[in-house]
Amino acid sequence: MRILLIATNTEIEPYPVFPLGMAVLASALLSSGHDVRQLDCLALGGDKEIIRSVCTEYRPQVIGFSLRNVDNVDSLTSHTHWALREVRELIAFIRSFCDAPLMMGGPGFSLMPEQILDYTGADFGIVGEGEEACRNVLEQLAQGQTPPRITKGTKRLQDKEMHGASPCPEIMDFYLRESGVASIQTKRGCPHTCIYCTYPALEGTKIRAREPGDVVDEIIRLKRDYSISELFFTDSVFNDGLGHWLALAEEMIRREVNISWSGFFQPIGITQDALRLCRRAGLKAMELGTDAASDATLQGLRKGFDFKTVEKINALCVEERIPCAHFIIFGGPGETELTVREGIENIGRLQHCVVCAFLGIRIYPNTALVRHAIEEGSLDPAASCLEPTYYFSPHIDPAKVETQLTQAFKGRRDRLFPPSKGQEQMAVMRKFGYRGILWDSLIRYPASNEKEPSIYACQA
């Protein structure tokens, strides 16, 4: 069949992210003999007429929409970054000139599939991993059957069943120009139990890793075909407890891949030897899921580590000169006026790193947070959470915390709050030609003979 895939994401915070999920699905469909074309709404610059032209010339038999995000998970700006309104308008536009069945999928869609289908007006939806489920739906359509409104894969894919990506060259070129970063997923699944997280529901709780050799093959192919120079590993947590991340680093060194890369890390289970190994393999920067800044709020988020652990990992990164960015949320379960002050003071002890702070936690269905909020009385049990809905601890005044964070981070280029400040800062840097993950550009390390500066005093 002729399949047109459209990536709907237009969010650029903190940087434009290549539509990896669409490219992976394209790979799976191509391997099954389908003819596939890919479009990306961000790369199109909002020009819907290009979509009309492609549909007229290509005559797709099915159109699939990949929904990566529902919104930007920033409580201060979500009302202007709600993606579903634009997606509904796009679907209505395509309906006006094309009668092909419309199918939706992607991580954003899988969070609330029934509600999103109702709201957007698409015909069918794929929940979770799309490689197998999408092929099943297409087979039914090809046979003249009507698929179920919602289809979910019958099993979690393993190893070689998880396809590498088949990027559209024009789309890849756009993202390399805009952000300078390509993306690869090396594993799926997350065994952690963070209260707000959707990954266990989307990918399962058991780690399913691709063979290191297959991942390196994909990296080499991307370097050859697209001249990429920097990668981001999009695993929910790169440093898994089973050691797959270290095996991949060793394979990258053995095969002399020579590429810069970054990824999401949990600030636990990381040794100096592991950092040095990853550095040799090309590690450029780390994005740390620190998530909270006091022991009480870390416990409230069910993170499984304390703040001293965070400080130790940060110190190791500084010693090895590996730039890291901590993503920290204020206002979660267990947050009080006291923990806000304590958290700001704790952040002050994180030297030579970037801190990106958020206020409030986006509530999604099928998470422990939604159950906590309902039991606490913070959320109406009938709330759909389709539009941006946030959790704030009942023991804080969000407006006051916003003021405290703004004052504490004032004048610090390596302290980003509100999140929109980080986007503005990144935009200026990219205007001057900076590309890739830019955390290293925001950090100043002391010279080897320079005395370590004293910890700065945060104003609570």
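Which helices each supply at least two residues of the lining of the largest pocket? They are helix 5 (107-111), helix 7 (130-142) and helix 9 (199-203). Helices (H or I, at least four residues) and strands (E, at least two) are DSSP runs, numbered from the N terminus.

This is a predicted model: local features need pLDDT of at least 70, side-chain atom pairs count only at pLDDT 80 or more, and totals for chains, interfaces and linings use all residues. Residues are numbered from 1 along each chain as its sequence is written, and side-chain values use heavy atoms, with hydrogens and water left out.

**Pockets**

A pocket is an open set of points on a 1 Å grid over the protein atoms alone, with protein on both sides within 12 Å along at least five of seven lines; a cavity is a set of points where a 1.4 Å probe fits but cannot get out; lining residues have an atom within 4 Å of a point. Grid points are joined across faces, edges and corners, and a volume is the space filled by probe spheres set on the points.

The largest pocket has 17 lining residues. Val127, Gly128, Lys152, Ala201 and Leu202 lie nearest its centre.

The second largest pocket holds about 210 Å³. It is lined by 15 residues, and Thr10, Cys41, Gly46, Lys48 and Glu86 are the closest to its centre. Helix 2 (41-44), helix 3 (48-58) and helix 4 (83-95) each give at least two lining residues. Helix 4 gives the largest share, 5 residues.

**Cavities**

The whole structure has 5 cavities of 30 Å³ or more. The lining of the second largest cavity includes Leu20, Val24, Met162, His163 and Arg210. Helix 1 (20-31) and strand 8 (187-188) are the elements that give two or more residues to this lining.

**Volumes and linings**

In the classes below, Ala, Val, Leu, Ile, Met, Phe, Trp, Tyr, Cys and Pro count as nonpolar, Asp, Glu, Lys and Arg as charged, and the others, Gly among them, as polar.

| Space | Volume | Lining by class |
|---|---|---|
| Largest pocket | about 270 Å³ | 7 nonpolar, 5 polar, 5 charged residues |
| Second largest pocket | about 210 Å³ | 7 nonpolar, 4 polar, 4 charged residues |
| Second largest cavity | about 70 Å³ | 4 nonpolar, 4 polar, 4 charged residues |

**Serine 66**

Serine 66 lies in strand 3 (residues 62-66). Its relative accessible area is 19%. Serine 66 therefore counts as buried, a term for under 20% relative accessible area (1.4 Å probe, protein chains only). Leaving out residues up to four places away in sequence, Serine 66 touches Ile6, Ala7, Thr8, Asn9, Met22 and Gly105. Contact means heavy atoms within 4.5 Å.

Notes
Buried means under 20% relative accessible area, exposed over 50%, partly exposed in between (1.4 Å probe, protein chains only).
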